[in-house]
Amino acid sequence: MQYNFNEIEAKWQKYWAENQTFKAENDSEKEKFYVLDMFPYPSGAGLHVGHPLGYIASDIYARYKRHKGFNVLHPQGYDSFGLPAEQYAIQTGQHPAVTTAANIKTYRRQLDQLGFSFDWSREVRTSSPEYYKWTQWIFIQIFNSWYNKDTDKAEDIETLIAKFSTDGNANVNAVCDDDIASFTADEWTAFSDVKKQEILLQYRLTYLADTEVNWCPALGTVLANDEIVNGVSERGGHPVVRKKMTQWSMRISAYAQRLLDGLEKIDWPQPLKDSQTNWIGRSQGASAVFNVKGHDEKIEVFTTRPDTIFGVSFMTLAPEHEMVSRITTTDQKAEVEAYIEATAKRSERDRMADVKTISGAFTGAYAEHPFTKEPIPIWIGDYVLAGYGTGAVMSVPCGDQRDYDFAKHFEIDIPNILEGVDISEEAYADKDKTVIANSDFLNGLPYKKAMKLAIYELEKIGHGEGKINYRLRDAVFSRQRYWGEPFPVYYVDGMPQMIAKEYLPIALPEVEKYLPTETGEPPLGNAEVWAWCSKENKVVSNDKIDNETVFPLELNTMPGWAGSSQYFNRYMDPHNSESIFSEKAINYWQDVDLYIGGSEHATGHLLYSRFWQKFMFDKGLVPKDEFAKKLINQGMITGTSAFMYSLSIELRDGESSTLYTEPTFCYFTKSLIDKLQNKVIDIQVQKEIDRVVDKYKLKWGEKTYWNKNINIHKTHVDISMVNSSNQLNEEAFRNWRPENKDAVFIVEDGNYYVGREVEKMSKSKYNVVNPDAICEEYGADSLRLYEMFLGPLEQSKPWNTAGITGTHSFLKKLWRQFHTGENASFLVSEEEPTKESWKTFHKTIKKVEEDIENFSFNTSVSTFMICVNELSSQKCYSRKVLEPLAILVSPYAPHIAEELWSKLGHTESIATAPFPKFEGKYLVESSKEYPISFNGKMKFTLELSLDLSKEEIEAAVMANEKTQQQLQGREPKKVIVVPGKIVNIVG
């Protein structure tokens, strides 16, 4: 009977779906175990073979835990709001919901065919109103809260209002906006309702504020820092500029220290913890205040080196600092404005990463040193960010290299306040070896003592104080998109009002266009029915807005991370329409036991989710303040990309100095390109140069010369057009795109050979391998085993389709182990296994269980192969070994395991069969097969008990018939016995 994997896999996938085999219960007496994957965004491309890596690993662990008797929650859903669907809607007019539903259908089919044990009864989709009702509800809870520093947690806004009503705000210790004016209880009572709301917005954990944001004009939306790569949008590679907009923000900065402290109690990868630690960026130092000469302005800076305050020779403000326009002199105005405009075109990440470019502008204004009262020039520079600290720095060039380079470039004084240090070439930044000089009362003091004294003196004169600062900034929570969660917010007198829970969800309206409006409003501004009637508590037509009972709704939508910041808790009770989850469900499941996903989410989803979880813990909604005990970042499966190479050649006309740059659709092979990179001009390259010269009617000689710039262009080509010998199918390439029609190929041996490089597997690189084709040819079990076999889970691994034949061959051999006889019919014996078979099986149990517990799945696969090879050579067909072997294999190759289990006579799924128990006694050797030698030459072997003494071994050997035959009546001179090793008879 052949191993018909296509039929077997389809059969069991249908069985699991119909019987809801993997459905978890919220009231089980079993111990719980919650295994979670980062849910996917359903893109139009579907899955490639790199996507399932983490899913396979989590599925193995989930199945293993079921075998170990746990009630396992292993859900799946879709992070289905996203910019790609919206961009497609802009291009085609098709509603993002239609695109998303079609993509989800493809994803579901692909996930099912890989045999994952997901509990699909708990599926969530972030774009479903039934789901984002609770995202809106959490937003309201955050809005109605403030952070009390005294209790170090979030509290209901009503408790803050109560404080204002009895004591004003003088004694309120809150995380809030800077420079809030103080008021008494009586003043609070006298304030208008609008004024009270304005004040409360300065304390709320989510608030409206004019914020510097990353604005992408091409996409028409604000982008988070983690959505920008190398200064352009991650999606589409569009330019990003900085601009001020009124945005919703989340006061995540209130949780900075708790987010740091929480890292100590979760089992997450250290590199990811380091990434979050650096992103939060805790630093200890002091705030110092400098008066601005001739202005009623003060510049507050945060510095980790207050001991160097006498070394300040200039101040630097962020170009976008609100004070710049007020203090810039008339003479410097044009230069400053031009610099601000240029800086706005660079992202914050780009500015932080660029340490080579030195730029700035002098404002013409001066600050006053708090101790010496000397004037200090105020500059602006793009290496200072408005959102970090105060957006201003006191620049001490002798102790900071960036300040030093800035001062050298603009010829600003560099006073030396460091004793015995040469700063003629570079700054000196080793604070631990610092002794302060030329600094009045700090002279002769080492770093730590000077720092304490400087803070003391600043506090004494009212110009500063000791302070802990964090790099973490409040998270912008608004996006100018259509396809996102609508805010449950309407506006009365310009102030945001929350819609009550019983009227949620506020669903996305229909719009004619998905682009911003002609007046620059977000896409929701195109909606005709997008106003809130407070009398009827429902959404009504915009033309009914009267600002008395009908009010405008918020036009922005929430960011991509909103829906993913609590989905793990919603899975616990996904169909509850009355609350986000029941108390019973959250108290049973508690938290995620194992979370698997990519490290690229370190400072995005994984940080925001921890923030929301801590907030919900403060409000008594969840029992744990960290949502996932253990996190594993799976590595990447890389693809082998194919490249073609073309040139652009620069020529300059000697008379007019005109520069000609000529791209070409003439493709060169990798070998010719390698020659070119080694400064060897091949005849074929020279022909291209001559062609360009001829095209522009240029004379090659005195008046026209080659600019010596030949730019090499690498172009991805779809790997489906390339064979295993790297030969390009030229006809397929010409038909691929219109511009390829007239392509010229410089060939070798009559063929064009592409170059190859290992890269991330991605649709944009045309190097993806579709799992559908792999499953059709080899089966899902072969694919699952192969992806695990490639290497350790956390490491990147190159894909090679040819390699899957190894795991496929193993499965066929496993199948044959259960099928014997002439017709290879199913046959398992009831015989007792031999000692060798018991030993083989129990060492396999031990190794596989250790591997699963340590997430070393790759070595388990090789252990299975060794086991089946040994059982085959031992001709072991015993049920006592093969039946538990099916369970052992089941987490890795569930389809074949289910089929074998069924053939063994079981009517229930193998999914919950108890995991085989390792028994060490089968690995303990009770006897030894001794080599019996005569004068050093081994003649035969004899199995003897390991319990025998040296004398007993000798007696047993001498009494053996074969020994007597060898001796032929002679008396041996000597018998050498080494217990457990050898017996040698001399003479």
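## Basis and confidence

In this predicted model, local features need pLDDT of at least 70 and side-chain atom pairs count only at pLDDT 80 or more, while totals for chains, interfaces and linings use all residues. Residues are numbered from 1 along each chain as its sequence is written, and side-chain values use heavy atoms, with hydrogens and water left out.

The chain has a mean pLDDT (the predictor's confidence in each residue, from 0 to 100) of 91, and 94% of its residues reach 70 or more. Over residues 698-707, however, pLDDT stays under 50, and the model has 27 contacts (heavy atoms within 4.5 Å) beyond four places in sequence for this stretch. Where pLDDT is low, the predicted coordinates should not be read in detail.

## Nonpolar cores

A nonpolar core is a set of buried Ala, Val, Leu, Ile, Met, Phe, Trp, Tyr and Cys residues joined through side-chain atoms within 4.5 Å, where buried means under 20% relative accessible area (1.4 Å probe, protein chains only). The largest one holds 98 residues, of which Leu728 and Leu814 touch the most other members. Its largest share, eight residues, comes from helix α2 (residues 52-67), helices being DSSP runs of H or I with at least four residues.

Leaving aside residues up to four places away in sequence, Leu728 touches partners including Met644, Phe733, Phe745 and Tyr752. A second, separate core of 88 residues includes Leu524 and Trp561.

## Strands around β38

Strands are DSSP runs of E with at least two residues, and two of them pair if DSSP finds at least two bridges between them. Strand β38 (residues 982-986) runs parallel to β35 (residues 927-934), joined by three bridges, with Asn984 as the bridge partner of Ser933.

Five bridges join β38 to the antiparallel strand β37 (residues 974-978), and Val978 stands opposite Ile982. These two strands form a hairpin with three residues between them, and Gly980 in the turn has a positive phi of about 85°.

How values were computed
Buried means under 20% relative accessible area, exposed over 50%, partly exposed in between (1.4 Å probe, protein chains only).
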